[in-house]
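Please keep the sequence and model in view while reading.

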Amino acid sequence: MVKLAPTIKLNNGQDFPILGLGTWKSKPGEVEQAVKDAIDAGYRHIDGAFIYGNEAEVGNGIRAKIAEGVVKREDIFLTSKLWNTFHRPDLVVDACKKSLKNFGLDYLDLYLIHWPTGYEEGGELFPREADGTVRYSDVDYVDTWKALEKCVELGLVKGIGLSNFNSQQVTRVLEVCKIKPLVNQVECHAHLNQAKLIKFCKERDIVVTAYSPLGSPDRPWAKPGDPMLLEDPKIKAMADKYGKTTAQVVLRYLIQHGTVPVPKSVTKSRIVSNFQVFDFELSPADVAVMDTFDCNGRLVPLNDGKKHKYWPFGIEY
């Protein structure tokens, strides 16, 4: 019998597995098999997004495992995200339906506003001027949120949430919402541990999902000499002490830190290894050492959105 991840309760009562498979940067030709391997390994939480360009293949992997009788649809917690060019309220429901069609499924467990920054609607997913700058939309994300609530009312999604929202932006949504956000998915790893934002969200019964939990070593814009989290000598020493990999130590830290990490991999051995984090616990002393790694080391700064009025990274948290 395959061992599953523990779950926590979201504020609407849904069970949320505390580790998921991330699919950002997973190529369409590889991600279907990655999803199948993950489900076989015990993953029941799959994190996707329209902009990743691989929803159809992710859906193929899920549906294949349903057809094999390995899982039922209700066993899988599937997340997708509304892209920046669909923030205008009249576009939101159709964008959600498009993702569902891509997945070949009839509901999502969680649908997030991917970024608070809207881009110009009606054309490219990255609408650019001749000089390369992105053309923005001035739609207010609180109006986008109200349209997301319709997706719940229509039965397209079970729950809704945010991604890459700062504390002030979360507050604005809470002030107008009929349906409360379940999750705020943000970049979170030992170099950017988001302690203040996690505390802020927890006080409001919002769970933080941690993307790029391993420090996103395969990010396309990485530069030689950038710090590599998984190669840090102190983390290597901890890995040796616990008989674990550095990735397992880093993921365990994030779970004990109160987040739900969604590590991405398409390599079967790593997918399996990343899931083997429920049979050990970091000591308080080792957690304290990990806490010292925080250096506001943001790896996904959304430079395309830097001049947008809702760019989220201009305040402390």
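## Basis

This is a predicted model, in which local features need pLDDT of at least 70 and side-chain atom pairs count only at pLDDT 80 or more, while totals for chains, interfaces and linings use all residues. Residues are numbered from 1 along each chain as its sequence is written, and side-chain values use heavy atoms, with hydrogens and water left out.

Tyr-52 lies in the loop between β4 (45–47) and α2 (55–67). Helices (H or I, at least four residues) and strands (E, at least two) are DSSP runs, numbered from the N terminus. Tyr-52 counts as buried because its relative accessibility is 16%; buried means under 20% relative accessible area, exposed over 50%, and partly exposed in between (1.4 Å probe, protein chains only). Leaving aside residues up to four places away in sequence, Tyr-52 touches Thr-23, Trp-24, Asp-47, Lys-81 and His-114, where contact means heavy atoms within 4.5 Å.

His-114 sits in the loop between β6 (110–113) and α4. With 6% relative accessibility, His-114 is also classed as buried. Beyond residues up to four places away in sequence, the contacts of His-114 include Tyr-52, Lys-81, Trp-83, Ser-163 and Asn-164.

## Helices α4 and α5

The axes of α4 (residues 141–153) and α5 (residues 167–176) come within 10 Å and cross at roughly 50°. α4 is therefore oblique to α5. Axes are lines fitted to C-alpha atoms, for helices over the stretch in contact, and angles run from 0 to 180 degrees between N-to-C directions. Angles under 35 degrees count as roughly parallel, over 145 as roughly antiparallel, 65 to 115 as roughly perpendicular and the rest as oblique.

From α4, Tyr-141, Val-142, Trp-145 and Lys-146 meet Gln-169, Arg-172, Val-173 and Val-176 of α5. The residues of this contact comprise five nonpolar, one polar and two charged. Ala, Val, Leu, Ile, Met, Phe, Trp, Tyr, Cys and Pro count as nonpolar, Asp, Glu, Lys and Arg as charged, and the others, Gly among them, as polar.

## Helices α7 and α8

α7 (residues 233–242) packs against α8 (residues 246–256) at an angle of about 95°, with the axes 8 Å apart. α7 is therefore roughly perpendicular to α8.

Ile-235, Lys-236, Met-238 and Ala-239 of α7 meet Thr-246, Val-249 and Val-250 of α8. By class, the contact has five nonpolar, one polar and one charged residues.
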